[in-house]
Amino acid sequence: MTTVLEVTGIRKNFGGITAVDGVSFDVREGEILGLIGPNGCGKSTLFNCILGQLTPTGGEVKVDGKVVTGMRPSELNRLGVSRTFQLLQVFPKLSVRENLILAGQEHQGSIMSRLFGPADAGLTEAADRMIGFFKLDHLADLAAGGLSYGQQKLLDAAMAFMGGPRLVLLDEPAGGVNLTMLADLRERLAAINREKRATFVVIEHNMEFVMSLCSRVMVMAEGKVLAIGRPDEVRANPAVIEAYLGH
Amino acid sequence: MKALRKYWRLALGIMAVAGLIVVPLNFNRYGLFILSQWTVMTIAAMGLNLTLGYAGQVSLAQGAFVGIGAYSAAIMTTQGMPLMAALGVAVVLCFAIGWLLGYPALRVQHHYLAFVTLAFSTLAFLVFRNEDWLTRGIYGISNIPRPTVFGVATNRPLPFYYVCLGSLGIVSAAMWWLIRSPWGRAFLALRENPIRALSLGIDTRRYTLMAFAIGSALGGVAGTLYAPLTQYIDPVPFNLSLSLDLLMMVIVGGAGFFFGPFLGAMIAVLLPEWLRFTEGYYLMLYAAAVIGLLIYSPSGIFGILDRLLAERRTKAASALRAVAKSGLEAAP
């Protein structure tokens, strides 16, 4: 199986504080890797370093064997690396459909064809398919800002899939989503993973969600990797129980 | 319902265009001058609306680009070159300078960016005033010729008004198409949420520079019309207050609304004429009206309309949510 993401010795210092301290791991094609750990352990900082939103102090990130450290998020996205956000990051004034069209448009043609070519080029159909897949049909024409929190979370996830990404990093997709919608979201993610062979890394605090969705789980504490393995292995690891899972 | 609204809009548009063509036929010289000035200012304000309203980048330099366009036209046409050549030079020059002025926007935003562009505005004014060899300094450039279009000399006010109106038509069509293209969507994304835009593959750096360059180029287009309209230019009209005026037009009309600049420019150009009877009080009245408007609706006059529409949409949305919720509760 090929390795999609290869992270080697990533470090990130903020002044005197080391937020991420030499983290290394691999993610194989089609895998769903869960990333858990107490608040402030460096999960989101690690994401931002991988995605080029922050420049790591040290270490290397490879996607499909290509070094991408220091690349801008937009370039990385066009290479097929996509993400969702912990806090809502949609375009509130645009409709749900427009949000999705925007999420897909930079993945086809060149910058010039996006000015002089057809304004649509199948994007509306692609957006509508995604709307159908995430069951947002009745909301398609509404401004994203008017949706409920959970619906905006779903939209945020849907946007990450518009470009047909190879690797998706999801930052707390289940946070603040109600139970019905959560089951829906898990099922959708599993389906995309199965059908499109898309690879995921998921930060999540909801243990049930992580344990049922992920094929492997990585636990972080104080900027370091504490354990990595199958969900049941990790759950049984004494160090993990001590640091995070509690009693 | 939707189709009906579309036809209604189309009819309104045709009436407005017909009105702009027919009504000025019996205007006097002064009326035509004011109306031509409105078209020129609308073009400049549309450029700023792209930079500020759609892409969300504050600029206090649009007046300087009008000046660059006007001086290009004045210098070249008084040397016997055609206005079209001057237009080309003005557009390329303003596009390039606008692109460069966009670089600070990659580092600073909002009022800091306003200060950077303000500094550029001042710099441009000093060049217009002090570089005598090029601009004839405070003496200005007079006897700027008007072009001959399709064999028709436009020395008289009416034909030149039609040149201005035609230019406004072309610029409006191009802008309409631009903001509906994927570029237009990318500009909106830049304004609404640059971080999210970046994570969706949108090259925010390139689009920011483009927003500045295209907006500035339109300032240049406006300037190329301004010079033959007044037939005399000196540095004074292109000082900082023109940039502030243009900013006000965009904001009063409604930043980020396609027709905002049309309305904003109309108010800024025509209101002083209508309030002429108040003599010295007109600026005070104008200022008071603008303050009142911005307190009531910070998003300008079109913002008021938009708010009314949004209220209706929100009601529809909550109705839909209620339906969806009752469906879920009934399902289990």
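Modeller: Helix H3 (residues 96-105) of chain A packs against helix H5 (residues 123-133) of chain A at about 120 degrees, with the axes 9 Å apart. Axes here are lines fitted to C-alpha atoms over the stretch in contact, and angles run from 0 to 180 degrees between N-to-C directions. Helices are DSSP runs (H or I, at least four residues), numbered from the N terminus. This is a predicted model, where local features need pLDDT of at least 70, side-chain atom pairs count only at pLDDT 80 or more, and totals for chains, interfaces and linings use all residues. Residues are numbered from 1 along each chain as its sequence is written, while chains are lettered from A and ligands numbered from 1 in the order in which they are written.

On the H3(A) side, the contact includes A:Val96, A:Leu100 and A:Ile101, and their partners in H5(A) include A:Leu123, A:Ala127 and A:Met130 (contact means C-beta atoms, placed from the backbone, within 7 Å).

Now for H5(A) itself: A:Leu123, A:Ala126, A:Ala127, A:Met130 and A:Ile131 are buried, meaning 20 or more other C-beta atoms within 10 Å of their own, against 12 or fewer for exposed. Just after H5(A), A:Lys135 has a positive phi of about 55 degrees.

Notes:
Helices (H or I, at least four residues) and strands (E, at least two) are DSSP runs, numbered from the N terminus. Two residues are in contact if their C-beta atoms, placed from the backbone, lie within 7 Å.
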